[in-house]
Amino acid sequence: MYVNIMYSTTTLAKSSKFSGRIVGTHQQLDLAARIILGQHLPRGKYFPSGKEILHFEGTRGPDGLKRKSPGIDEPSHMLTLESELDNEQRPADTSGHENLDERSVLTMILDHRWNLVKALKDKNHVRAAFEAAWMAHMLTDGLTPAHHFPLSSVKNELMTDKEVMRVFGQPIKGVMHGRNMLETARNNWLYWGAKGHMSQHIAYEYGVAMIVAALPKRALMPEVKPGEFCKVDTEKMFYHSLQLVQERKMYNRFREDGWTTELALETKNFLLPEIIKAIALGWFSAVEEAYGLNRRVKNE
């Protein structure tokens, strides 16, 4: 039995043949990781192709839930570090909303990995493609510096009136509802205004998207030693990459100075390759378990 049901997302244009195939940041990183995985995938062992994986990105991916059912069963893509409290590199959920998926990003990564292993064993190609896409999406979000800022907690603090604001009876997501009009205006400026928390989040992610869009996949490819594709521990690998990202304090620097040449080059040369490497290794860990590669290496 799978850990969680397969989310069913829709697109604004339900009949569009391009749903999930428009190549954005997540799609580019997934395709690059799939190329690297293919170089280490044992002959005769199935893993979803790039095309199959991309089918479950975009409006069919985790972000698509925001369009289908805003605020309901949305997986949390934000994490902070308990290291801020106890000096340990451990992610902690910061959603603060009762109707959001309050599992930590790492827990969701491991859940999708578990489901991916089962799908590969069962030769369920559609399910395997779905789990590979969603696992990669959560790995990317978990290692994205903007997602390490406690945005959800800040939003919860600015919602001084916890009831969602409604216009003509319809809930309006993203409006910081205060106890009066003045407080509502103040809260929304702090969230959406110049240098506001969400404005900076969007500006950072837009900058990353522009860097990815301007580069061919080969320019983002990390150097991964063959020995790294052996007995991959997804949890340890994620913590290691997370620590490397956190040490550079990239989002803190962006909040202070905006996009600089130095930060853009660091994103191109370090951050994006590190995320691609994490996706490829995470997928390979599922391949190892599904096909018993660890046991075979040990016996040989």
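Start by selecting helix 1 (residues 25-40) and helix 12 in this predicted model. Their axes come within 8 Å and cross at roughly 50°. An angle of 65 to 115 degrees would count as roughly perpendicular and one under 35 as roughly parallel, so helix 1 is oblique to helix 12. Look at the handedness while you're there: the crossing of helix 1 and helix 12 is right-handed.

Now show the side chains where the two meet. On helix 1, pick Leu-29, Asp-30, Ala-32, Ala-33, Arg-34, Ile-36, Leu-37 and His-40. On helix 12, the contact comes from Leu-272, Ile-275, Ile-276, Ile-279, Ala-280, Trp-283 and Phe-284.

Next, colour everything by pLDDT. Helix 12 (residues 261-290) has the highest mean among the elements, at 96. Jump to helix 4 (residues 83-86) for the lowest, a mean of 35. Across the protein the average is 76, and 62% of the residues score at least 70.

Two more stretches to select while the colours are on. Residues 68-72 stay under 50, and the model gives them 10 contacts beyond four places in sequence. Then try residues 296-300, also below 50 in pLDDT, where the model has two contacts beyond near neighbours in sequence.

Finally, zoom out and switch to cartoon. You'll be looking at 13 helices and six strands. Of the 300 residues, 51% count as buried.

Definitions and conventions
Residues numbered from 1 in each chain as written. Predicted model: local features only at pLDDT ≥ 70, side-chain atom pairs only at ≥ 80, totals over all residues. Heavy atoms only, no water. pLDDT = per-residue confidence, 0-100. Helix = DSSP H or I, 4+ residues; strand = E, 2+ residues; numbered from the N terminus. Contact = heavy atoms within 4.5 Å. Buried < 20%, exposed > 50% of the residue type's maximum accessible area, 1.4 Å probe, protein only. Axes fitted to C-alpha atoms, helices over the stretch in contact; angles between N-to-C directions. Parallel < 35°, antiparallel > 145°, perpendicular 65-115°, else oblique. Left-handed = near helix turned anticlockwise from the far one by under 90°.
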